[in-house]
Structures are given as C-alpha cells and as structure tokens.
Amino acid sequence: MPLRLDIQRRLTARSERVKSADLHPTEPWMVLSLYTGTVVVWNHETQAIIKSFELCDLPVRVAKFVARKHWIITGADDMQIRVFNYNTLDRVFMFEAHCDYIRCVAVHPTQPFVLTSSDDMLIKLWDWDRKWTCCQVFEGHAHYVMQVVFNPKDNNQFASASLDRTIKVWQLGSKSPNFTLEGHEKGVNCIDYYNGGDKPYLISGADDHLVKIWDYQNKTCVQTLESHVQNVTCVCFHPELPVILTGSEDGTVRVWHSNTYRLENTLNYGLERVWCICGQSGSNNIALGYDEGSIIIKLGREEPAMSMDSSGKIMWARHSEVQQANLKTLGETEIQDGEKLPLGAKDMGSCEIYPQTIQHSPNGRFVVVCGDGEYIIYTAMALRNKSFGSAQEFVWAHDSSQYATREGNSVVKIFKNFKEKKTFNPDFGADGIFGGFLLGVRSTSGLAFYDWESSSLIRRVEILPKHMFWSDSGELVCIATEESFFVLRYLTERVSAAQESKETLTEDGIEDAFEVLGEVQQVVKTGLWVGDCFIYTSSVNRLNYYVGGEIITIAHLDRTMYLLGYIPKDDRLYLGDKELNIISYSLLLSVLEYETAVMRKDFTTADRVLPTIPVEQRTRVAHFLEKQGFRQQALAVSTDLEHKFELALQLGELGMAHELALEAESEHKWKQLAEVASTKGQFSLAQECLHQAQDYGGLLLLATASGRADMVGKLAEGAEKDGKTNVAFLTYFMQGRTDKCLELLIKTDRLPEAAFLARTYIPSQVSRVVKLWKENMSKVNQKAADALAVPDQYNNLFPGLQQALLAEQYLKETHVGVRPAAEYPLVVSNEDRDVLEESKGFITTGEITEPGEAVGSMNESPAASSEATVMEEPIPIKHEPPADPVPEKIFSFPEEAPLSVFAAKDHVEPNQAQSECRVKRENIMKSETLLIAEELLIQKPCTEAPAKDSEAIQSSPVEGVDLSEEVADQAIASAAEAQPDITASEEETQTADNELISTDLKANSVIASEFAALEETSSPDQLETDAIPLVATATEETPIAKLPIAAEELVSLKPTECSLLDAPSAAGQAFSDPILDSLLDSDEDASAALKPVAVWEDEQEQEEKTAEPPAETEHGSEAGDLPEAESEGSDDPAEANVAEQEAGSEGSQDLAEDLEEAIDHEDLDDLDLDSFELEDIDTSDMNLLGE
C-alpha cells in the first residue's frame, strides 16, 4: 500500500535564482542565497521578508544558520567567507577561504568547526574560536568539490561529492580519505546521510540523472533510483519521515519511500530548475530552491506516533523503533506542572512498517501500529504480533474485542476477536472512519453513525469532522471540525425505542438519536473525556476543559502538545510533544467529579464530593456554579473575596457586600456598592459608601436628589478641603454662594474665570479680581496685562455697572434662602429672570458698594450674609382665599422680571394675585393701552434724568394689591413732587457726564409725573368703577416681590418696559405693563384691544406734524420739556373736556363706551400737543422688546 502523505504548501516566494536554502532550527525562518549576490531571510509563518542584505556582485552559492551563535555564514564566488549576526546584521568576520568559487559550507553540530569546499578541489576546516584559523586542508579530489556533509551518527566523519564522479568519506584529523565510493558515470553534485539509527546509508545524485543509495559500512550501492530526465542537483533524507526527496534540472521534486524505494509522489511547481532541498530536524517542513523562487512544503502530520494506556504505560515510535516508558518509575518524584518528566525509555524492538500512528486498545492489552498502508496489532507487554492486515485507517470500538478498518474510499470492514465479522459499503462513501461507542464514517456529504453489531445506520448529519471523541459512558460525544467543535448527547433509549417501532426511521436514520448540547468556536487538536468534562488542546496552544457550557483554561502551552491521557489516582494530566518529551499538569479528580455531578443534577453526590475539594480550588468551582446559574451556592463555596463581593452584589446581599468592602478597602468596591444601594433605595448605605470612596460627585448627586441642604453644605466644605474644586465650585454655586465660588477660582489661580464670574454675579468685586488678574498676567506678558481695564479707573468702559451694583444689593437684601421643594411649581427659573429690571424700583436700606470699595471686604460681609441665609428654614406658602377687587387705582413703577428661585418671604401666589386684581372688563383698557404705549414709545425716546434726582422716585417691586386709599394718595403725592425735581435737573444735565445712571430709572421718572397728572384729571367715581389695580406702591415696612406675568396674557403683543396710558391729556403719560387676568376671554381681549388703535394712530400723525425737533445738550442727550409741557397742558381746553367726560360717565359700567366718547369728542381736535414731544424721551437703553 502507498505511503499516506499529506503535502501542503506553506510558502511561495518569488525571487531570482536560489542557490541554497536553510531552515532555522527554532525560529520560523528560512535563509536564501541568491545568484544575484543577495541574502534574504523569510518568516514562513507571516509570509514576509524580515531581513535582506547585499553581499557582493557575484553569486552567493551557500548560506547557513549557526543558531547557537546567532550567525549566518555565507560563501560566494568572490572566494570570501562572511559571517553576520542575523539579529543586528553586523558583519562579525570576513576572510578569503579559497582561491576559487566556494561551493558549500557545512557547520559542525557541536564543535566550533566549519567545513568549506571549493572549485579549487580543496576542503578546509575552520575554527571560529581560534579567530577562524584554518585547522586542516583535505586534498584528494581531482575536480570541483560540490558538497560536503557531516555524518549525524559520527560527527568526526564527513563525506564529500565531486565532479570527478567519486564520493569520499573523511575523518577529522586525517589528511587522506577513509574510502572512496565510485559508481556514477558523471560528476556527483550532491550527497546526504540517513538520519535513522537503523541504516548506515548515504545518498548521492549526479549528472547521469541517477540517484544512488550507498551502504558506507559495506561500501556498496544498495539501490539506484531512476526517474529524473536531467541532472540531479540535490538529494535529501527526510529527518523525520521514511522519505527521500530528490531534485533535478528537469524542474521536478521526486518523493521516494526510504524503505521500499518506491516513488510516492512527483512535485512540479513550475519554477524551472531545482537547485536545493533542505529538511529540518524535528519538523516536517521542507525548503525547495528554484530558478524563479523558493517554496516551503509540509509533508505528512506532525503529531507523534505515541499512545498511553490507563495504567500509565506510554509507547512511542522513533522512526521504526518502538520504545516504552512507565510513569510508575517516577515513584515519589515531585512533579512540576509543565516540566519535562525524567522518564527512562525501554526499547521494545523494531517494527516491520514505518509507524505513523500508535494506538492502545480501550483496555490497554493491545497496541496497533499503522503505516505504509498496513496495520499490525501487538501485545502491549512484549510487542508480539497478534494480527495484521492492509488498511488505510484503523479504529477501536468501545469494546477492545472489536475494531474496524477502511480499505480504499468505499469499503469498511468490522472485526471481532481478530476475525472479520462484516464488510459493508457505506451509501455515501468512506473518506475516513472514527471509533468509539458508534462507528463513524465520514464522506464528502457528511458523517454517518453505524451500530457496531448490526452495522445499521443510526443517524446521518451534515458535518465534516476532523476528530471524534466519545466519553467512557458512551453518553457524550465531541465532534471536532476545522473551525469549531460540537458536544452532543447520545440518547440510547430513544434509539432502542425507534429501532423496535421502526416508525421514526428515515433515510438519515433516527432523528432523535442525538441532542446538541453546545458549539464552541475553537479548533481541537487532541482531546479526551473524564466523566462529563471534555479536556482538549486547542490550535492556539491552550489546555482547556469544557463542562456545562463553560470553558476553563488549565494552562497556556509554549509549544504544540498532544494529550496522552489522565491518571485519576495521580490527579494529573499527561501530554507529549513531537520530540517525544512528556509533561504533566495537575487536574483534581474531585473537581471534575463535583462538576460532573452538578451537570447531572445529582446534588447529593455534589454535596458529598465538595468537602474533598481543596480550599484553593473552591473558587474555580464557584465560578463553575455561577455559570450554571447557582449563584447562592457559588457565594457559599467561593473563597475569593473579589468573586464573593461580585456575587453578593448580584444577589442583593448588601450586608455581606458591605463587610467585604470594609475588608478590601477598595474605592472601586465602595462605588459599586453605592450604586447597588441607591438602586435598592438604601440611601444611608449609599451615602456611607460614597463617603468611603471619596466620591464627591456621587455625594452631590445623592444630596441634591434627596433635597438635603445640610448635606450639600457639608459636602461643599469637604470637597474644598480635599481639593475637589470642581465639585466644591458646583456645590457653592447651587447654594447661591457666589462669593465662595469666586474665592475658589482665585485660590486655584483661575483669575480670568473669576473676573467673568465677578462681572456676572458680584460686580462689587470686579476691580479686586481684575487687579489680581493684571498682576498675574504681568508676570507673563506686561503688554497684555496693561490692556486689562479696572472699573474704578475706567468706569466709562463698563456701561451698566451701576445698575449691576444695584441689582447685587437688591439680591442681597431680598435673598430668602432655601425654599422647600413643594414651591418648585411656583418659582420661576433663573433663566427667565431679569434681575436688572427687578432692581429698578428697589430702594436699598444701605449704601451701594462701589467696585473699588469692595476690594478689602470680600471675605467678610458677602460670605457672612450668604452663609447666614443659605441655611434658613423653608418658608411655607400662604394660601388665602381670593379677595374682592380693590376699588382704589394705585400706580407704581414697572417691574417685569419674574420671581427668583429665592423668593421674598411674604409671597403671593400668582393665581391669588390675579383674582384680587380682577375688575370688570379691565382687560379691554389694558390691551388698548398696551398698543398705544408701544407705538408711542418706539417712536419717541425718553429724556435722560440725573441719577441723583432719580433716587427720589425709585420704588420696590410689587408685593400685593390690597392697599388702603391713604397709601394711594401718598404715592400720588410723591409722584407729583418729583415733577419740579425733573425740571430742575435740566440745567444739571450738561455737567453730569461722568455720573452713571440706569436708563430704566429715567423712564420711571417720566412715568411718575405722567401718572400724577392723570390722577388730577380723573374723577373718583370713575376710579371706583373702572379702576385697574395694576401694581401697588410699597411702603418701607413692607417687603416687596414682583409677581410673574404670563406671555400669553399680553394678547400677542411684544412686551415693553413701559407703556403710555391712553388718557386724552396734553402730555403723553406712561405707565407700567399691567398684570392681566388670565381668566378673561381671549376673543374679547383681542376685540377690545384692536378697537381704538386707528384713532390714536391719527393723533400720532398730528403730533409728528406739529412736533419740533428737541434741542440736544453738548453731550448728545436730549433736553426734554416735560414739566413745561405738563403745566401748559393744564390750561388747555382738553383738560376740561376730560373732566366733562369723567363727569358724564359717572356710574357707567362699560369702560369701552367711555373711552370711545372721550376719543370721539369734537374738542380733541383742539388739543395742543406742541408743548410736549415724546421724542424728548431717551429710550436708547430701554429694552422695549423684553430682550
């Protein structure tokens, strides 16, 4: 039968003509010397060139690795020997070795010797330890010496091939050859020694196209191989396989059997002439060099012929020699995992065939050796021949008395007690067979299982297996493919039932015969079953076992290893490599038994086995239990604190997790526990865990989510103390302690941010911070520092700073502190506030701190005030029933900003305020007034007033509307007294350039005078009937807050900062935006608002025609004549008309009809509006659109 050899191409490298090739003994490297003078090193695993260097312009005919010195030795046609370090590519040595082309270099396997042969017909011996001294010259050939090679059995002997048609055998130290072999008719090009110890053979190839095998002991030719049609250029005995390889100029590589000398295969890769063949000891790789490149092929399988029985006897084949080792000889020797076992080998004899596989029978009594298309069954004890036959494959059944063989691709024979029992032809062919509980037959279309007794089909599956492993019980089977492996359960009872009933039988067998338990995407090299645990080696050199869907790694292997077996009494697993070295790893049987019992749901057995498992193995068992879903049991079994903590969290055992976290003192564990405790609602535990982990971010989230103001305060101080400035800044900012935020920015040298923070929230500190910024900037760039302006030096560059200072004082005095969460729906967010508007009418109880004055007092008053207010008790909301509309008509100044987050103490709910302000049909007058006021104010700017006069008319935000008539009179009188102050201020306007003033306060002064005039022309009856209690004047005793106004209540009007009252007086009169009643009908609002617009537009056109441009001051401000216009207006007939109108409409309930009568009165045409120009009002800084 032919030798079964799988030939795989591993590398194809195109290049110039390759004169020699050599394989590195340990690295996946191949060195090539090229005819062009280049040396190239390839990595045949990565398929890449890793080193390449030019030697000379002439051909380099030889390059060899010297692994123990990290060298590459080369010989070229320039007669030079060069030695390079292949790691650094440095040239170690170079010398002229011959006086003609150097043909070959041979390295002594143990001594520091190198042999060189040349066209000068000489062979020289060099010693690199003696600085490459030539130790000996061998003369005797009459032509070019083409090749020299050391004898692997006797390193002091070597042979040489020459074109003088002879082969000479030499001895180191002797000048003359030992003997000469003659037989070729033409020059001999190549020779090689047989590596096996059983034959003293030498092979040669010559230009006569022949290959001869010589017995160098008998000095005779034992065989001549004739097949090549051109010169034979290279020959090689394979170092591992019974194979001879020969190459020729005919472009072919022939593979011969070294025992039978039969031609097994011919390889032709189309790369022209073959020049070199190189084998590698311990490997099946072969390197071939051609005219057009090089190729690496792999012959056969690398798995060693090795087997172990259940008692620990290991048998292997070294070439044709069979040896045995017994693990019992180790005795009490301490065994280390992964270490080579010191086993002594016993020679069992020589085998008649070349063993490719060795396999013990299940009971260990017999061993079968397969190879060369034959099998021989020996007794395991004495290696006596029991049976033999021809077969391409041989497999044992689960019963040692049965086995099967495959002959060809269609015939399978089953034997019992060494006699043929049955021969059958599988329906789908037989490309391979597998033994075990069932006979497996692989075909091109899938895998078929047959019963050993009846050879009937059990099941056919569409899978192409590479290996198959059955458990001892026959219940589980692993089918390994090229990419993964499957674990199946064989259901014996269902198969028996189906065979009896024959109802579920199909052409593919019994469908319910197997149950798939799992698929794993790993490639199995070798494997075996121990109980329900499948132990295997993977393609990535890992030793794993699979149980219950879980893969557990036993060890990472440094090379390819092959499983031999498991000895339960030793609790050890044994493996071998291709060099026939045996190693071992510990694997406790108790662990495997426990896991097997759990998989079988046999918890009684599991509880019985558990105490026998060592403590150090408990964690591995706990991980297995966790994977199977038994977390509670895993928590009880595990001894690893990390694992126990994770399990406690998963099971919600927070008490145990807390104890483990205390013991571990790990920040990560505290954070994990805090997260789970928060999920479970155990906030006190979560707080403790966050505190232990110093997780200020988590503490801030917990404090704010739970609404604990005291915790927020403590957190701010702790975070600042521990340097957690981000959390400290955010915490202070949430508390409204902007002074602390500012100091924190200054402390951390974030002066630009501090300056912007001060400008936004604490304007009194701007000068101080900017000076610090300038001082810090001057250390880096003086020019940039000089460009920074300080407010107390350049106040003209900071417009609106006085308003900001007033707003800061306003917020200090009206700041309430912490509000209860129940008030959240009633509080307007800070994004919707306009603090500058809120503070316009505010009268401070103290003095406004200038920016320059606050430099030295930052750390005292602001901090103290905010700290004092931040922790105040929450203020309850007063819920009072709606009161009747107030008959008095009281006016104040506009305050359009909504409520702050920190609202005033005497808070009035919006709904309550609206109900108190509700008056019959009041929305009609409001809408009309808003339209007219918006139009007039956009066209006419307001007159500027000095800041010192505006202080007399400042007011506070509105608190409520239920004020007495006496308070209303007091407000009217105050407004009337403001008129002469405004007149007197006209003369001072020209000299008040440097005084900063709020534009809104100027507008308020105009509004106050106009409201006073309106009060004089209004009748008490009309006030009682049609009064609109828009806002109330606050007394000094009443804290004041501004109520929010809904945008939808303005009947689609754009909000303005002030409006004019639609009273037909000579002077245009302004008033604040009213708080409208949201309960009024929107349609009525719209109709009432749109009705009088056209009339007033005509009046505005008349005013524009008769108006004269106002005089401007030298600073550009317009000088208004408001007091004069008002006094002239009092003598005008229009005032009498207004009085008549008010008298005539006494007791009227319809405000809209009264307004129409006043507007349509014929005396309105006689109004003299020349004395008052709305253009005199400066609205340049007024936010008319509420932006």
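Is the crossing of α10 and α12 left-handed or right-handed? To find out, select helix α10 (residues 696-706) and helix α12 (residues 725-734), which pack at an angle of about 20 degrees with their axes 10 Å apart; helices are DSSP runs of H or I with at least four residues, strands are runs of E with at least two, and both are numbered from the N terminus. Axes are lines fitted to C-alpha atoms, for helices over the stretch in contact, and angles run from 0 to 180 degrees between N-to-C directions. The crossing is left-handed, that is, the near helix is turned anticlockwise from the far one by less than a right angle. The contact (heavy atoms within 4.5 Å) is made by Y696, G697, L700 and T704 of α10 and V727, L730, T731 and M734 of α12.

This is a predicted model, in which local features need pLDDT of at least 70, side-chain atom pairs count only at pLDDT 80 or more, and totals for chains, interfaces and linings use all residues. Residues are numbered from 1 along each chain as its sequence is written, and side-chain values use heavy atoms, with hydrogens and water left out.

Next, select the open sheet of four strands, ordered β33-β34-β35-β36 with antiparallel pairing, where two strands pair if DSSP finds at least two bridges between them. β33 (357-360) and β36 (385-390) stand at the edges, each with a single partner strand, so one side of each lacks a neighbour in the sheet. Within the sheet, six bridges join β34 (residues 366-371) to β35 (residues 374-379), and C370 stands opposite Y375 in β35.

Finally, select β39 (residues 411-416) and β40 (residues 419-424), antiparallel strands joined by five bridges. They form a hairpin with two residues between them, and N417 in the turn has a positive phi of about 55 degrees.
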